[in-house]
Amino acid sequence: MNHLAVSIRSLLVALLAICTAGVASAEPATIVILDGSASMRSQVGGRSKIATVQEAMKEAFEGRAERLGLVVYGGASSSSCEDIATIVPPDGEMDEAARDAAITGIAPKGQTPLAASMESALEDWRDRQPLHLVVIADGTDTCNGDAAAAAAKVKAAGGKVDVIGFVATQPEKVRPLGSVAEAGGGSFAVATSPAAFRSEIAKVLPAPGEAEPDGPAETDAAPDADAEAEAASEEAASDALSSSEEEAADPAGGADGASAADDAGAEVETAQPGIPMPPPRPDPETAAAEPSTVLSLGPLQIQPDKQDKAVRKRLPLRLTAHLTADGPAVPGGVIWRVFNARPMPDGSFPELERSEVPEPVFFLPEGDYIVHAAYGRAFTARQVELHETARDEAVVLEAGGLRVKAVSTDGGALANGISLAIYSSELDEYGQRKQILANAPLDRTIRLNPGTYHIVSRYGDANAIVRADVRVRPGQLTEAAVTHKAAAVTLKLVNEPGGEALANTAWSILSPGGDVVKESFGAFPEHVLAAGTYAVVARHEGRIFNSEFTVEPDRRREVEVVAR
């Protein structure tokens, strides 16, 4: 009996050890849920979003592979909402070479089953509680899933969900993801550059030995400023951009909404480094604005030295804007906004304060806020914590300038009839570019975030179009000159050479290949055409007449078609 009791006792101890080992092995895990949909092929900062993410994921796995996994959706099928795969399990059994190969092999192509991916991760790794999910996405669920509800399940199981939205120029596209982070009890951030994305990843996936930050992550793109506010600062006081810069233009075409053909042999030149930048024309209203002693506190206007007891509980937040980290403060033209860092259920952020004072001071209750600074078309945002003491915050805009002028082949400036548009350089999954600014001003400084932009200059209403890529860098001005090799042409249908023009004539201008370049109606239609050879067809009273003509750069001409 004693031997039997000892044997039973030994068996129980062994079983207990096995059970204890099983519990110990089920350590909490972090699962990255990665958007592998087709839109991740588009570019941010000159490279595809997926390439930036792949590089960051390889770095994140170093030293923490045993508790970090990777789930990808949309990476295998172009149309399936069930395309969800765990390519790296958080068990540490995949060696580094295999893991890197799996990450490198992600090829975006499909849909966005975000909700189903979170539910799948929760089901597959439920024993790794509390589970930490990190969502990296550039859009919301496209498979009719409720991502916020899925995140709430993770939170209810003791875990949390952090979300990083990764976009180039459309932060509003990922704003609804804020409700996913809120439901999952985690942070929400928007990254609009590779550097910002790496910064956000470091916060939610700190290196081994580093503490993971609590609360919402800092963001470099907040609720976007409305067009009116952005336009108001475009002609404000001196912007301190230091010098012009080069960038060889690439006149390669792209999908930007223009349907006509480009100028044949169109050229773009950019200024060489070292040319001093003339200051932009000041906005009289902004230039005259002086720092005010009246601080906006919601609906109240209260002098700082007359604050009541309730107001004294508010802390001052002093803000300054700089074009570069080591540059001077921007003296004017910045539009400041302060938002509550906690998003509303619809993903929007409530705006609390606004100011156009160069160095504003906001008195705010203790808490977390998003400070948004707009400078022309350049903007940035960051999260700030206001607790116990006043805070001075220097916001680095990393803004640059672009000035474009249109010239003829003899170097003369073109102004009348020129329309300029600025687009993002990257193409979306449909081959389209995001328009940054329509009807951009000629020969005036346009303030932009650093990066590469695609400019389209149209001369007239036909095919005289120049396209090119230019680069904008922080604190510098890029000056680009687009050369239009084109001329104005007037058409007339006559009964005999030199005769009176016949009214009620329909016109079609054709390229040598027979494509329609322009159609019009009237006795004297005038169009600006790119240099080249054309055919023209005139229709009058049921009869058709045709002719050929050549356009030479900068040589206006009249084309007569004789009705015979």
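Four strands make an open sheet, ordered E30-E29-E32-E33, with antiparallel pairing. Strands here are DSSP runs of E, at least two residues, numbered from the N terminus. Two strands pair if DSSP finds at least two bridges between them. Strand E30 (516–521) and strand E33 (543–551) are at the edges; each has a single partner strand, so one side of each lacks a neighbour in the sheet. On average, neighbouring strands of this sheet are turned by 20° against each other, direction ignored. That angle is taken between axes, lines fitted to C-alpha atoms, for helices over the stretch in contact; angles run from 0 to 180 degrees between N-to-C directions.

Now one pair inside it. Strand E29 (residues 506–510) and strand E32 (residues 532–540) are antiparallel, over five bridges. Ile 509 has Val 536 in E32 as its bridge partner.

A word on the source. This is a predicted model: local features need pLDDT of at least 70, side-chain atom pairs count only at pLDDT 80 or more, and totals for chains, interfaces and linings use all residues. Residues are numbered from 1 along each chain as its sequence is written, and side-chain values use heavy atoms, with hydrogens and water left out.

Next, another open sheet. Its four strands run E15-E14-E17-E18, and pairing is antiparallel. Strand E15 (351–355) and strand E18 (378–386) are the edge strands, each pairing on one side only. The twist averages 20° from one strand to the next.

Which residue in E17 stands opposite Asn 340? Tyr 369 does. Strand E14 (residues 335–340) and strand E17 (residues 367–375) pair antiparallel over six bridges.
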